[in-house]
Structure formats: structure tokens, C-alpha cells
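Morning, everyone. Please look at the screen while I bring up the model.

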Amino acid sequence: MNIQNQLSSEEWNTLVEAPIKAGKAMIFASPSGPIGVVKETMVLLNSVKKATSTPSKSSFLGTVGKQLHDRLSSAKAIGDTLLTELQSVTAPEETREIAIKASKEASAILGKVPPTDALAYKEFIVSTASKVAEAASEEDITGMRGSKVSPTEQALLKDIKGALGVSP
């Protein structure tokens with residue numbers, strides 16, 4: 001059974017784009033300088049790559065991952081896009097809200113998907129966002145290396161989990 005055929009193209013696009021929106025929001029939540037942004041971007045890309053190259057218990061997640069990978073055809077292209085957007089984003093809150101909205105929409109769409117596939121998809125988004133948050137250490141107010149995950153990133157991860165209906 002091909003789940004993709006049971007969803008509208010808009011629903012499918014929402015599911016394919018939600019992981020990137022969550023990852024991008026995590027990058028923008030607490031920018032950790034140019035090197036940190038590159039590290040976080042690479043973790044985001046590697047998470048997508050792993051979803052497409054590692055055999056999954058969910059063929060649905062594999063299909064989502066493949067389409068996501070196809071859209072992000074090169075690390076340089078997405079990295080350049082993220083860096084450009086980071087420079088132009090005046091309100092990281094807007095990116096945050098977009099990610100939470102996309103996660104809520106994805107969660108609603110997942111009602112049409114078998115529960116095991118829905119769970120695998122939700123775990124993929126949460127795992128991706130967590131890995132991005134952990135990719136670069138944040139600086140504290142003195143400019144010293146701080147924690148791996150900032151309070152802003154922790155709050156965003158909690159909100160993404162809530163939007164997806166995943167226990168905190």
C-alpha cells in the first residue's frame with residue numbers, strides 16, 4: 001500500500017518539509033556563530049541523509065526521507081540558503097512559529113498514516129531537531145562556551161514535541 005497516494009500533494013509536501021522547518025528553527029533559535037551554524041546545518045543534512053540511506057522499519061519514512069533528500073540535493077545549496085536566511089531573519093520567533101505550525105499540520109496529517117509509520121516520522125523530526133540543537137555549543141553572556149543546548153533550543157524542542165503529540 002502506497003501511503004503517498006492516499007495524501008494530497010499539499011499534505012505530502014507538508015510532511016516532506018516539516019523536518020527541515022524544525023531543523024531550521026533550531027538553527028535560528030540560538031545562533032552560535034558562523035562555525036556553529038555550519039555544524040548545525042551539516043547535522044541537519046546528515047540526519048536527512050541517514051534517513052534515506054539506513055534501512056528503516058518504516059517504508060513511509062524512507063519515502064519521505066528520499067523526497068526530502070532530493071529537495072536538498074546538495075549540502076552547499078542548503079547551507080548557502082540557510083546562511084543567507086540567517087542573515088536576513090530579524091525575528092527568529094517567526095521561524096519558530098513556522099516550525100511549530102508545520103509540526104501541528106504534520107501531526108494532523110499523520111492520522112491518515114498507520115500508527116507505526118506516524119511514530120517513526122515523529123521520532124525522525126524530534127531526533128533531527130535534537131541533533132541540530134546539540135551540534136554546536138552555545139556561548140554564555142561572558143562569551144565563554146556554554147551548554148550544548150540553550151534554554152531557547154530546549155523550549156523549542158519541547159514545543160515541537162507538543163505540536164507532534166510526543167511526550168516531553
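First, the ground rules. This is a predicted model, where local features need pLDDT of at least 70, side-chain atom pairs count only at pLDDT 80 or more, and totals for chains, interfaces and linings use all residues. Residues are numbered from 1 along each chain as its sequence is written, and side-chain values use heavy atoms, with hydrogens and water left out.

Now the make-up. The protein chain has 7 helices and 0 strands. Helices (H or I, at least four residues) and strands (E, at least two) are DSSP runs, numbered from the N terminus. Reading from that end, the order is α-α-α-α-α-α-α. There are 168 residues, and 44% of them count as buried. Buried means under 20% relative accessible area, exposed over 50%, partly exposed in between, with a 1.4 Å probe and protein chains only. Take contacts between residues at least 6 apart in sequence: 76% of these join residues at least 24 apart. Contact means heavy atoms within 4.5 Å.

Next, confidence. pLDDT is the predictor's confidence in each residue, from 0 to 100. The chain averages 79, and 75% of the residues score at least 70. Where is confidence lowest, and where is it highest? Helix H4, residues 75–88, is lowest at a mean of 56, and H7 is highest at 94. Also mark residues 140–144. There pLDDT stays under 50, and the model has 3 contacts for them beyond four places in sequence.

On to packing. Axes are lines fitted to C-alpha atoms, for helices over the stretch in contact, and angles run from 0 to 180 degrees between N-to-C directions.

Start with H1, residues 9–29, and H7, residues 151–164. They pack at about 160°, with axes 9 Å apart. That makes H1 roughly antiparallel to H7. As for the cut-offs, angles under 35 degrees count as roughly parallel, over 145 as roughly antiparallel, 65 to 115 as roughly perpendicular and the rest as oblique. The H1 and H7 crossing is right-handed. A crossing is left-handed if the near helix is turned anticlockwise from the far one by less than a right angle, and right-handed if clockwise. On the H1 side we find Ala-22, Ala-25, Met-26 and Ala-29, and they meet Thr-152, Glu-153, Leu-156, Leu-157 and Ile-160 in H7.

H1 also packs on helix H5, residues 92–109. The angle is about 145°, and the axes are 8 Å apart. This crossing is left-handed. Among the H1 residues meeting H5 are Ala-22 and Ala-25.

Back to H7, now with H6. Their axes come within 10 Å and cross at roughly 175°. That makes H6 roughly antiparallel to H7. Lys-122, Ile-125, Val-126, Ala-129, Ser-130 and Ala-133 in H6 meet Glu-153, Leu-157, Ile-160, Lys-161 and Leu-164 in H7.

Finally, two residues. Gly-65 sits in helix H3, residues 59–71. Is Gly-65 buried or exposed? Gly-65 is buried, at a relative accessible area of 0%. Its C-alpha lies 7.4 Å from that of Val-16, 49 residues apart along the chain.

Ala-120 is in helix H6, residues 115–134. Ala-120 is also buried, at 16%. Which residues does Ala-120 touch, not counting those up to four places away in sequence? Ser-58 and Leu-61.

That's my tour. Thanks.
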